[in-house]
Amino acid sequence: MMDKKAFRIAVFPGDGIGPEVVREALKCLAAISETSGISFQTREGLIGGAATDACGMPLPESSLALARASDAVLLGAVGGPKWEALPYDLRPERALLGLREKLGLFANLRPVIAHADLIDASPLKTHIVQDIDLMIVRELTGDAYFGKPRGIRIEEGQRVGVNTILYTEEEIRRIAKVAFDLAMTRGRKLCSVDKANVLESTQLWRDVVTETGREYPDVSLSHMYVDNCAMQLIRNPAQFDVIVTTNMFGDILSDEASMLTGSIGMLPSASLGERAALYEPIHGSAPDIAGRDLANPLGMILSVAMMLRISFGMQAEGKRIEEAVRSVLKEGLRTRDIHQDGKNQVGTTAMGEGVVKHLRALLTR
Ligand code: IPM
Ligand code: MG
């Protein structure tokens, strides 16, 4: 008998709607495993508020060890009002930032694709969001997120809050390379977003991206200030192919760009380092709808597709998941966030099972 391949996946459901969307994503993975003969060894770990509740810290050593011993990490979401009053070090968000830092996940890929069947779910006009297919490459381990000094201190009798935006040229070069390489596989257009008119750190960003671009003569490189980019994403998003930007700007612009697709619940992401890789939807834990079978699992399911393609080289299977998502939308199933009149509003589980049904059909075709 031939050896079955087994990919090791660390699964961190986390908080809020995390566990619900992860459950549906794992059903898709099971369907792939059954038909492909490739097995996935999934091991679950605690992270975020769930970990703080269980063992007093958001990123326990055992979870970090599990992530390190895996070929890829799948993560639902972290955070919630229950933990908001805790000191920074104990907050659920620290787990995510800790994983990014400790695993060296410096490149965050956030594809923004407008599905034809969801065009009307976007608050923007159809002609603006039609055929949108752009990729935001967000630097993920630098900027004010990690720069020091940081904190709140007392100076001359009043509280002063400090964060530091810091980028080394090496950090900029490596994310620029990821973005240029990606642009080469797509429309060969890269827009680097900064605030070089005000921030020295991003003047360096602009300089280093320009230097790196000399190694990629086939990619047309442009630069844009972040405030203008925020406007252009709404005015004419079709002008973008790949956007590369800093950690903080990428955080903000990717939430904005998600609305081109109709809902933030639709967007997957991949966070990549030299070796490690983590896949998660870009939405948060949405505590207001948690546990009520209302969450949209498609961003999480599409994150599994990214994992199959990027970490496991399973292009065909990744594509099948994306096709299954398109089919379920075409069939008319909608979670509440993307619901429109005349469509069939369903819960998280029914949406997940709808995708699995189409996926099985596609896989055994
Ligand atoms: C994201 C999130 C995180 C971030 C939070 C939860 C720490 O908003 O992944 O975009 O700011 O990076
Ligand atoms: Mg964000």
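**From a surface loop to the ligand shell**

With a relative accessibility of 35%, Asp293 counts as partly exposed, a class that lies between buried, which is under 20% relative accessible area, and exposed, which is over 50%, as found with a 1.4 Å probe on the protein chains only. The model is predicted, so that local features need pLDDT of at least 70 and side-chain atom pairs count only at pLDDT 80 or more, whereas totals for chains, interfaces and linings use all residues. Residues are numbered from 1 along each chain as its sequence is written, chains are lettered from A and ligands numbered from 1 in the order in which they are written, and side-chain values use heavy atoms, with hydrogens and water left out.

Asp293 sits in the loop between strand E12 (277–281) and helix H10, where helices (H or I, at least four residues) and strands (E, at least two) are DSSP runs numbered from the N terminus. Its phi is near 60°, a positive value in a residue other than glycine. Most residues other than glycine have a negative phi, and most peptide bonds are trans. Arg188 also has a positive phi, of about 60°, although it is not a glycine; this residue is placed in the loop between H6 and E8 and, with a relative accessible area of 37%, is partly exposed.

A cis peptide bond, with omega near 5°, leads from Lys148 to Pro149, and Pro149 has its place in the loop between E5 and strand E6 (151–155). If neighbours within four places in sequence are left aside, Thr164 is in contact (heavy atoms within 4.5 Å) with Asp143, Ala144, Gly147, Lys148 and Pro149.

After H1 comes Gly37, with a positive phi near 80°.

Helix H7 (residues 200–213) gives a similar check, since its 14 residues should span 20 Å at 1.5 Å a residue and its end C-alpha atoms are 20 Å apart, which agrees. Among the buried residues of H7 are Trp205, Arg206, Val208 and Val209. The buried residues of H7 pack against strands E5 (133–139), E8 (189–194), E9 (220–225) and E10 (242–245), together with helices H6 (169–185) and H9 (247–258).

Strand E10 holds Val242, which counts as buried because its relative accessibility is 1%. With neighbours within four places in sequence left aside, Val242 is in contact with Met135, Val137, Ala179, Ala183, Arg186, Lys189, Leu190 and Cys191.

What surrounds ligand 1? Its shell is made up of Glu93, Arg100, Arg110, Arg138, Tyr145 and Asp251, each with a heavy atom within 4 Å of the ligand. By class, this shell has one nonpolar, no polar and five charged residues, where Ala, Val, Leu, Ile, Met, Phe, Trp, Tyr, Cys and Pro count as nonpolar, Asp, Glu, Lys and Arg as charged, and the others, Gly among them, as polar. An N or O atom in the side chain of Arg138 is 2.8 Å from an oxygen atom of ligand 1, while a polar side-chain atom of Arg110 lies 2.9 Å from a ligand oxygen atom and a polar side-chain atom of Asp251 lies 2.9 Å from a ligand oxygen atom. Of the 320 Å² of accessible area that ligand 1 has on its own, the protein covers 78%, with areas taken from the Shrake-Rupley method with a 1.4 Å probe and, for residues, only the protein chains shown counting as cover.

Technical notes: Expected span 1.5 Å × (residues − 1). Polar contact = N/O pair within 3.5 Å; in protein donor to acceptor, adjacent residues only side chain to side chain.
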